[in-house]
Amino acid sequence: MKKSNIIALGALTAAFIGLALWSLSADSDILQSYKQLPKWGISMIGVVFLLMLFIPNIIWSKKQPAGYEESAKRENKVLLALERSGEALVSVLVLTDRRLDRFALSPRLGCLILALVLMILYELYWINYFRSSRTLADMYSDYCGFPLAGASLPVFAVFLLGVYACNAFLIAASIILGIGHIGIHLMHKKEL
């Protein structure tokens, strides 16, 4: 692993641990929040995050790298099933949990801010990809030190949204998505 990857993942981990410790020390009833069911309704934060996910992917579907179709035929079926189920679960949960829209000054607000920063990096990754020669190597490249940025950044962001909303289902869905999505991208990168 490159030094820049270690630094980026280390910084993300340190920020997450810091937010978690601050949250636990500031809110003694944090675990009770995870036991509550989501407040159902359309989440504006969810809509924004899904748009940030879908728009670059829709553009990508019209500008796929050469050789992607052949590579996609060799994808692991278990990882593909995990990715698809994770995508569906995340999309529904992010869109329908109104707890994402509450803004209270608390340590958990840091999770929302960090998720937004990761999504902005994700958008910048796509801009970098669309300006490149759009090869498979470009698609599976690192960005700002994050390995497989096209797969890892949105998964980390959704995980942080789950922590912010105290939604155990969204956290679990992000883990399922991460195993499938990052796993498939890792397989493709190893083929290069």
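Which helices each supply at least two residues of the lining of the largest pocket? They are helix 3 (44-62), helix 4 (68-73), helix 5 (77-96), helix 6 (109-131), helix 8 (149-165) and helix 9 (168-191). Helices here are DSSP runs of H or I with at least four residues, strands are runs of E with at least two, and both are numbered from the N terminus.

This is a predicted model, in which local features need pLDDT of at least 70 and side-chain atom pairs count only at pLDDT 80 or more, while totals for chains, interfaces and linings use all residues. Residues are numbered from 1 along each chain as its sequence is written, and side-chain values use heavy atoms, with hydrogens and water left out.

Start with the whole chain. Its secondary structure comes to 9 helices and 0 strands. Along the sequence the pattern reads α-α-α-α-α-α-α-α-α. The chain has 192 residues, and 45% of them count as buried. Buried means under 20% relative accessible area, exposed means over 50%, and partly exposed lies in between, with a 1.4 Å probe and protein chains only. Now take the contacts between residues at least 6 apart in sequence: 84% of them join residues at least 24 apart. A contact means heavy atoms within 4.5 Å.

Return to the largest pocket. Its volume is about 620 Å³. Lining it are 26 residues, and the closest to its centre are Asn57, Glu83, Arg84, Glu87 and His181. A pocket is found on a 1 Å grid over the protein atoms alone: it is an open set of points where a 1.4 Å probe fits, with protein on both sides within 12 Å along at least five of seven lines, and its lining residues have an atom within 4 Å of a point. Grid points are joined across faces, edges and corners, and the volume is the space filled by probe spheres set on the points. By class, this lining has 15 nonpolar, 7 polar and 4 charged residues. Nonpolar covers Ala, Val, Leu, Ile, Met, Phe, Trp, Tyr, Cys and Pro; charged covers Asp, Glu, Lys and Arg; the others, Gly among them, are polar.

The second largest pocket has a volume of about 230 Å³. It is lined by 14 residues, and Leu12, Val155, Phe156, Phe159 and Leu160 lie nearest its centre. Helix 1 (3-26), helix 8 and helix 9 each give two or more residues to this lining. The largest share, 5 residues, comes from helix 9. The lining divides into 11 nonpolar, 3 polar and no charged residues.

Next, look at how helix 8 and helix 9 pack. Two packed helices are described by the angle between their axes and the distance between the axes. The axes of helix 8 and helix 9 come within 9 Å and cross at roughly 175°. Helix 8 is therefore roughly antiparallel to helix 9, a term for angles over 145 degrees. Axes are lines fitted to C-alpha atoms over the stretch in contact, and angles run from 0 to 180 degrees between N-to-C directions. Among the meeting residues are Val155 and Phe159 in helix 8, and His181 in helix 9. The residues of this contact divide into 11 nonpolar, 7 polar and no charged.

The loop between helix 8 and helix 9 holds Cys166 and Asn167. Cys166 is buried, with a relative accessible area of 1%. Its phi is near 55°, a positive value in a residue other than glycine. Most residues other than glycine have a negative phi. Asn167 is buried too, with a relative accessible area of 1%. Asn167 and Asp97 are 70 residues apart in sequence, yet their C-alpha atoms are 8.4 Å apart.

Arg134 also has a positive phi, about 55°, and is not a glycine. It sits in the loop between helix 6 and helix 7 (136-139). At 30% relative accessibility, Arg134 is partly exposed.

Leu153 lies in helix 8 and is buried, with a relative accessible area of 0%. Beyond four places in sequence, Leu153 touches Leu118, Leu121, Tyr122 and Phe146. Leu136 lies in helix 7 and counts as buried at 15% relative accessibility. Setting aside neighbours within four places in sequence, Leu136 is in contact with Pro65, Ala66, Gly67, Tyr68 and Leu192. Leu136 and Leu192 are 56 residues apart in sequence and 7.7 Å apart in space, C-alpha to C-alpha.

Technical notes:
Angles under 35 degrees count as roughly parallel, over 145 as roughly antiparallel, 65 to 115 as roughly perpendicular and the rest as oblique.
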